[in-house]
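Q: Please take a close look at the surroundings of the ligand. Go through them step by step for someone new to this structure.

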Amino acid sequence: MVGSALVRRLQTENCDVVTVPHERLDLCDGEAVREWLEQTRPEIVFVAAAKVGGILANDSHPAVFLRDNMAIELNLIHESYRVGVEKLLFLGSSCIYPRLSPQPIPEEALMSGPLEPTNQWYAIAKIAGIRLCQAYRRQYGCNFISAMPTNLYGPGDNFDLLSSHVAPALMRKAHEAKESGQPSLQVWGSGQPMREFMYADDCADALVHLMKHYSHDLHVNIGTGSDISISDLATTICDIVDYRGRIEFDTSKPDGMPRKRLDVSRLHDLGWHHTTPFEEGLQKTYAWYLDNVVAHSPMAANG
Ligand code: GFB
């Protein structure tokens, strides 16, 4: 999702964008990454690729989330250093911060307390990525930087109910409940956790801004500065989808972090601010879902 948004954003810059599909390059394969970077010799690298998923996927596949993410970032960061990449930006996630961080969470809160258990494996891998950039910067003088986006959503998101994040999951649940006339929709957890959401294209714009204007070892938070409860998110999504049934909370499912609103003052001081209002971003994402997922589903094909 972020990679596609970055490609859309970079088309407006004076640069050649080099991409490679997953089927042609496995980023967990160090030899393959080395060969590909030696052939393409990019001047700039965005490490947007990652094994990502929502709370359930993270919690149930700890080995995959830790291993794949460590392999992807180690291969890309080390081989970028080897081929002399001029600047690299590594993308992490707001889940790197301790479970009970001060709110909003400043960059300095990193490693100041225990992690949220449901995503600790992914978080450890992402913290290692930040440290890799700092280590290569310190030891080899590489201009490698890191950005920590808040929860993202947008076109190209994953709508699979077992592995997706909350926004696409609730969009799909509301759509299917409306289509099949179900009286209620299940929301995982208590509905009380607070989350901050950013439209993927806004995130891509922030990444390009940092690539142009930021060259320090401290990672930078990327977010909107506002958050919303999962319960209110469910209501907002039901309105957008026009689903009028009941919202029920399945408290057998985990809540995860109680709150993770990012302190985005550093990003604002660097001259960047998000532009897409939350409801507008959700509407665009729902339109993308209808055109790209629902329209191609077997049920749609059968009429
Ligand atoms: O988006 P989400 O899966 O990830 O869940 P996290 C956010 C909140 O929404 C949790 C609730 O409290 C979920 O219990 N939720 C309610 C749902 N209904 C649903 C549903 O149908 N599907 C999903 N997925 N959630 C992830 C981390 O944490 O955030 C990753 O696991 C990553 O490591 C990502 O950092 C940004 O915000 O809890």
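A: **The shell around the ligand**

Helix α6 gives the largest share of the shell around the ligand, namely four residues. The model is a predicted one. In total, 23 residues surround the ligand, and I55, K173, R195, P254 and D255 are the closest. By type, the residues of the shell divide into eleven nonpolar, eight polar and four charged.

Three elements each supply at least two residues of this shell: α3, which covers 55-60, α6, which covers 166-180, and β5, which covers 184-188.

At K173, a polar side-chain atom lies 2.7 Å from an oxygen atom of the ligand. At P254, a backbone N or O atom lies 2.7 Å from an oxygen atom of the ligand. At S164, a backbone N or O atom is found 2.9 Å from a nitrogen atom of the ligand. As for cover, the ligand taken alone exposes 710 Å², and the protein buries 97% of that.

Helix α6 also packs in relation to another helix. Its partner is α8, made of residues 230-241, and the axes of α6 and α8 come within 9 Å and cross at roughly 45 degrees. Angles from 65 to 115 degrees count as roughly perpendicular and those under 35 as roughly parallel, so α6 and α8 are oblique to each other. The crossing of these two helices, α6 and α8, is right-handed.

Technical notes
Residues numbered from 1 in each chain as written. Predicted model: local features only at pLDDT ≥ 70, side-chain atom pairs only at ≥ 80, totals over all residues. Heavy atoms only, no water. Near = heavy atom within 4 Å. Polar contact = N/O pair within 3.5 Å; in protein donor to acceptor, adjacent residues only side chain to side chain. Areas by Shrake-Rupley, 256 points an atom, 1.4 Å probe, with all protein chains shown as cover. Nonpolar A, V, L, I, M, F, W, Y, C, P; charged D, E, K, R; others polar. Axes fitted to C-alpha atoms, helices over the stretch in contact; angles between N-to-C directions. Parallel < 35°, antiparallel > 145°, perpendicular 65-115°, else oblique. Left-handed = near helix turned anticlockwise from the far one by under 90°.
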